[in-house]
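Morning, everyone. Please have the sequence and the model open side by side. I will go through a few places in turn.

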Amino acid sequence: MAEDSGRKSQTVGELMSAPVITTSASESIAVAGGLMRTSKVGSVVVVDGKRPIGILTERDLVRFAAEGGDAAQSKVSEWMTEDPNTVEPSEDAVSAFNSLSEHSYRHIPVTEHGELVGIVSMRDIMRVARIAPVDIHDVSIPQGLEGVAVAHTDLGDVRGQQGFYHYRQYNAVELAEKRTLEDVWHLMLEGELPDKEQRRAFTEEIHPLRVVPDEVKELLPSIATLGDRFAPLEALRASYSLFASSQDFKPALDVERAELRSQAMRTCAVFPTLIMALYRLHEGDEPVEPHPELSYAANYLYMLTGEEPSPEKARAVEQYLIATIDHGFNASTFTGRVITSTGADLGSAVLGALGALSGPLHGGAPSRALDMLREIGSEENADPWLRDAVEHGKRLMGFGHRVYKTDDPRGVLLRGVAERLEPGSKRVELAKHVEKRAVEILKEMKPGRMLYPNVEFYSGVVMDMIGMPPTLFTPTFGCSRVIGWTAHILEQAADNRLIRPSATYTGPEPPQEVPTLD
């Protein structure tokens with residue numbers, strides 16, 4: 001850290017916060033976390049009398065949440081950092097910064113004669129100190145915001161270590177096994193699963209919203225045939241942008257929840273119609289109008305072929321759609337919330353989320369995983385193909401996930417769906433064999449890398465079984481995820497604050513004199 005010449009560095013005592021929010025080692029995580037939230041602080045100091053014996057930070061709470069423990073039963077002593085480094089109030093900001101950056105700390109207790117008198121944070125110091133770029137590199141900033149909690153949500157969470165995720169208070173996989181997509185849509189939007197009468201009313205509300213307005217419908221042929229290639233997500237973005245404009249969506253900041261909910265319903269209902277209309281137009285066929293009696297999932301397949309799907313295929317696509325409605329603060333969901341935080345309209349937030357979904361690192365590769373299985377071809381060819389791929393650093397499509405360090409529960413669900421659709425078939429048995437051998441070979445050749453099948457591995461298999469063209473795999477994912485996006489948009493708008501994080505500057509040290517041109 002570099003001080004300004006001619007300016008005396010301030011002391012820790014001048015920068016520290018006091019009094020300090022404290023707790024005891026025997027207190028529960030629930031109580032300590034509540035203290036941090038209500039006091040709006042990033043840490044609590046654990047004390048024995050007046051002596052600091054530990055510190056519990058937001059990072060510790062993130063680690064705890066990832067493990068999925070019981071906050072009411074778990075003790076602070078199990079998760080705190082014991083015997084934290086401390087500084088004296090007489091020390092200058094340079095010394096405090098060095099202590100923080102050396103250990104990647106964000107908070108350090110301030111003690112005098114062994115007793116807690118305050119706490120100093122990296123933010124306190126950086127408000128008054130001039131930091132040289134070489135020192136900033138020592139501050140730990142998680143790449144991609146991994147493990148950083150950026151908001152509170154009632155909509156759901158992912159527990160990667162446990163291989164578990166949920167929508168509100170319900171296990172998402174259990175919802176896919178027991179309820180309809182309309183039920184889960186109602187849960188995400190209204191906060192509760194519907195009873196029979198609520199289900200009927202909700203379904204009746206959805207059906208007329210599926211129809212594409214005439215002023216948008218007449219433009220779809222041009223969109224479907226634009227350019228040298230057909231990119232369904234790009235076509236969907238263009239058509240949905242026209243739809244949102246036709247509906248005159250107002251900025252979220254200027255409308256009540258009832259209007260925003262209406263926009264969300266219209267958006268989710270029309271997505272499948274737009275996707276299938278664009279696909280059929282590109283193929284040279286006329287669009288199929290939505291079926292007034294079919295469910296969301298069955299109608300989606302109906303608009304693909306013009307024929308009512310079998311109950312087995314309709315249920316298979318419905319379970320896939322339910323399983324992919326929401327999945328924590330993924331890139332597209334976070335994008336939608338960031339845009340909503342600016343006060344923008346719901347259509348703009350959904351379009352931004354669609355843009356994020358189009359990225360290959362997020363939108364996934366179900367068709368590529370299916371291509372891999374086809375290239376392997378047989379169980380006998382699995383081992384040599386997989387070993388060669390791992391040895392040469394090739395990516396195994398459908399394996400590995402940013403959050404899950406065990407089996408992806410969505411993949412486990414879809415494996416069961418595939419087995420139900422074609423029990424004992426060669427492609428199901430091949431997929432199961434490749435799954436098993438890939439995990440074993442990865443453990444053998446890449447020890448320490450916890451790579452398991454993700455949702456994409458069996459998604460492609462199931463989609464292929466129900467007759468879905470590969471170009472529609474990712475748009476189908478968008479048909480379910482838009483329900484999650486709009487639920488998050490409503491939640492963000494209901495308790496909004498502009499999302500405006502900061503960044504750590506790592507360029508040349510400013511201010512430098514601006515050169516003149518002679």
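Start with Pro19, in the loop that runs between α1 (12-15) and β1 (22-23). Look at the bond before it. Ala18 and Pro19 are joined by a cis peptide bond. Omega there is about 0 degrees. Keep in mind that this is a predicted model.

Now go to Pro511, in the segment after α23 (473-494). The peptide bond from Pro510 to Pro511 is also cis. Its omega is near -10 degrees.

Next, backbone angles. You will find Lys40 in the loop between α2 (29-39) and β2 (43-48). Is Lys40 buried or exposed? Its relative accessibility is 75%, so Lys40 counts as exposed.

Arg168 is another one to click on. Arg168 is not a glycine, yet its phi is positive, about 50 degrees. Its loop lies between β8 (164-167) and β9 (170-171). Is Arg168 buried or exposed? Its relative accessibility is 18%, and buried means under 20%, so Arg168 counts as buried.

On to a pair of helices. Find α13, residues 257-282, and α14, residues 296-305. They pack at an angle of about 20 degrees. Their axes are 9 Å apart. The crossing of α13 past α14 is right-handed.

Who makes the contact? From α13 come Cys268, Pro272, Thr273, Ile275, Met276, Tyr279 and Arg280. From α14 come Tyr296, Tyr300, Met303, Leu304 and Thr305. What kinds of residues are these in the contact of α13 with α14? Nine are nonpolar, two are polar and one is charged.

Now one residue and its surroundings. Lys313 sits in helix α15, residues 311-323. Lys313 has a relative accessible area of 34%, so it is partly exposed. Which residues does Lys313 touch, leaving aside neighbours within four places in sequence? Leu301, Leu421, Met465 and Ile466. Pick out Leu421. In sequence, Lys313 and Leu421 are 108 residues apart. In space, their C-alpha atoms are 7.7 Å apart.

Let's zoom out to the chain. Take contacts between residues at least 6 apart in sequence: 71% of them join residues at least 24 apart. The chain has 518 residues, and 48% of them count as buried. How many helices and strands are there? The protein chain has 23 helices and nine strands. Along its principal axes, the C-alpha trace spans about 80 × 65 × 55 Å.

Last topic: confidence. The mean pLDDT of the chain is 88. A value of 70 or more is reached by 90% of the residues.

Methods. Residues numbered from 1 in each chain as written. Predicted model: local features only at pLDDT ≥ 70, side-chain atom pairs only at ≥ 80, totals over all residues. Heavy atoms only, no water. Axes fitted to C-alpha atoms, helices over the stretch in contact; angles between N-to-C directions. Helix = DSSP H or I, 4+ residues; strand = E, 2+ residues; numbered from the N terminus. Left-handed = near helix turned anticlockwise from the far one by under 90°. Contact = heavy atoms within 4.5 Å. Nonpolar A, V, L, I, M, F, W, Y, C, P; charged D, E, K, R; others polar. pLDDT = per-residue confidence, 0-100. Buried < 20%, exposed > 50% of the residue type's maximum accessible area, 1.4 Å probe, protein only.
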